[in-house]
Amino acid sequence: MRQPYTMRMLDGRGWIFLVVLAAIAVVVPVLNFALPPSSPFYLQNHWVPLFGKYLCFALLAVAVDLVWGYCGILSLGHGAFFALGGYAMGMYMMRQIGTRGVYAHPILPDFMVFLNWPELPFYWYGFNWFPYAVLMVLLVPGVLAFVFGWFAFRSRVTGVYLSIITQALTFALMLGFFRNNFGFGGNNGLTDFKDILGFNVQAQSTRAVLFVLSALALALSFLLCQWLVKSKFGKVLVAIRDEEPRVRFLGYRVENYKLAAFVLSACLAGIAGALYVPQVGIINPSEFSPANSIEIVVWVAVGGRGTLVGAALGAVVVNYAKTYFTTGLLAPYWLFALGGLFVLVTLLLPKGIVGTISDWIAREKPMNGAVANGGAAEPAPKPAE
Amino acid sequence: MNGTAPQSLLYLDGVTVSFEGFRALNKLSLVVEAGEMRAIIGPNGAGKTTMMDVVTGKTRPDQGDVLFGGDIDLTKLDETEIARLGIGRKFQKPTVFENHTVIDNLTLALAGDRRARAAAFWHEDAEESARLDEILGIVRLGEHRDRLAGRLSHGQKQWLEIGMLLAQEPRLLLVDEPAAGMTDAETKQTAELLRQINRDRTVIVVEHDMSFVRELGVRVTVLHEGSVLAEGSLDQVSADERVIEVYLGR
Ligand SMILES: Nc1ncnc2c1ncn2[C@@H]1O[C@H](COP(=O)(O)OP(=O)(O)OP(=O)(O)O)[C@@H](O)[C@H]1O
Ligand SMILES: [Mg+2]
């Protein structure tokens, strides 16, 4: 009997991940809503958007792992796709403010009134309409990734050079978004949001819904990526990561595979950004800063590159540590801690948390189909004798 | 050689490749007919691998014609296009996907739609799995089916790569040193395997191992300093004084 493909697609850790994620998606809102504040298990309000933020970062990390872990594209510019998705959602919420802004202009956001802009720039058109904004959340990062990838992969830019130009991409966008005349609120970015689809973004119930939606987006994106990496497409990606020229000699159009993975990854990053912004209440150009993109790669490395689950776990673990460190006495040392963590992980756990645990489990029970004939490390019996 | 022109499966004429002034190929001319198996020998640095690089699109020649099937100009195409025409290659250093299982390596090589969307929705059908099993049998890796390719011995990797070539179903196979690092018995089996493949495909094989070349029993081309030094049966070329001087006599 063959299992349905979706069952075979998920391995043990995939199931664990989905079950834990589902549990979190239920437990966090319940502990916040159903319990009285006096209960010892009551979850304070501020934790809900904070956990929601972690889930968005986890989704972002999964997106980076798809291209880095499986296809060897070390993107140090994914923060840009995340921020663009965030800006698209932020623009929608800015348009929802309407006359409730400080200047009470029915159409123009406050910062445009302040800059004496006579009318809404054309690229803000349509953002008052939610489906259009959602489309842009996917389209803007997707198209940018397509154009960038089309040139980079076709000219066979790989390795460090590719990483550097992805850094340049996010850096250039940061400089652009910092400018007032770019039309995205300059260095203040977009903030003071009032509502989303008619619901108050500050309301605890809206935050709970956004939290659950983030968990759902993470689960669905994980499933999509998992399906993809288990398919023949995913095997081609890994082959490209390990022996790119060989894949060409087999007749595969390597740049198309890279481009498809890169564009999908950018769209997922955009979704993560779009869910992040209503939960944190602000998007500004610092989200484009090159260091942010590097941080994402650290999350993935810590959790375990090329495992998807590890990327999500790494994002949560590192960001939890960051929250813990950056509030309190240790705040000035966070960057040292992050740098130290990265060095430690690369030296001691080159496969990250999940990769190391998987190896450890595999060593405990080495007997499965893959190595059925006489242990993993031994050379196989020579076919000649 | 100009007289024999186009209708041959592979036709190289006056091919020159320079690396910073050094001529790896120097007006190389070589014609291989459809259905033929050709052995290419020559000292280290003679340009054997470079010749394969030129045919498979890895290296663009500075000068010369490279024609496939009579009229397709290979110098205008890239690696992917050339592979899709039906030219497969085994590398000098065995190059398999070490993090994939043996069967996945073969599956990736298996002839079929190479486009990304087709790969995402690909499911093995009965015909394909029968073909994969057949290839596993031919290259004697049946019992290593689900093993990671990186865990195979050197000789097994060589065979896996030959299996991948077979799965590709090319018209022309370029095989660079298939017997390197093999035991005598394995070398013999490899020669047998290539003869078997040659029943319905054209094969060009580069090899240093003379007993292997003898085993193949095919026409031999001797390369030296980027051009053809001699061509004929192994006995003929081994009797050639220049060949003895530059290659065999050392
Ligand atoms: N990419 C390159 N850049 C510079 N020189 C090269 C390059 N590729 C090959 N060469 C040189 O061209 C010459 C021919 O190399 P090639 O690999 O074709 O020799 P070969 O006949 O395959 O030798 P071997 O028997 O050692 O495999 C050598 O001197 C080599 O150093
Ligand atoms: Mg060589």
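Trainee: What makes the nonpolar surface patch of about 640 Å² in chain A?

Mentor: A:Leu135, A:Leu139, A:Val143, A:Phe146, A:Val147, A:Trp150 and A:Phe151 make that patch. Patch residues have over 30% relative accessible area and no salt bridge, and nonpolar side chains (Val, Leu, Ile, Met, Phe, Trp, Tyr) are joined within 5 Å. A salt bridge is a side-chain nitrogen of Lys or Arg within 4 Å of a carboxyl oxygen of Asp or Glu. Areas come from the Shrake-Rupley method with a 1.4 Å probe. This is a predicted model: local features need pLDDT of at least 70, side-chain atom pairs count only at pLDDT 80 or more, and totals for chains, interfaces and linings use all residues. Side-chain values use heavy atoms, without hydrogens and water.

Trainee: Why is A:Val147 called partly exposed?

Mentor: Its relative accessible area is 41%. Buried means under 20%, exposed over 50%, partly exposed in between. So A:Val147 is partly exposed. A:Val147 lies in helix α6 (residues 130-154) of chain A. Helices are DSSP runs (H or I, at least four residues).

Trainee: How do you know that B:His208 makes a polar contact with ligand 1?

Mentor: A polar side-chain atom of B:His208 lies 2.8 Å from a ligand 1 oxygen atom. A polar contact is a pair of N or O atoms within 3.5 Å. So B:His208 qualifies. Backbone N or O atoms also approach ligand 1 oxygens: B:Gly45 at 2.9 Å, B:Gly47 at 3.0 Å.

Trainee: How much of ligand 1 does the protein bury?

Mentor: Taken alone, ligand 1 exposes 640 Å², and the protein buries 63% of that.

Technical notes
Residues numbered from 1 in each chain as written. Chains lettered and ligands numbered in written order. Polar contact = N/O pair within 3.5 Å; in protein donor to acceptor, adjacent residues only side chain to side chain. Patch = residues over 30% accessible without salt bridge, like charges linked within 9 Å, V, L, I, M, F, W, Y side chains within 5 Å. Helix = DSSP H or I, 4+ residues; strand = E, 2+ residues; numbered from the N terminus. Buried < 20%, exposed > 50% of the residue type's maximum accessible area, 1.4 Å probe, protein only.
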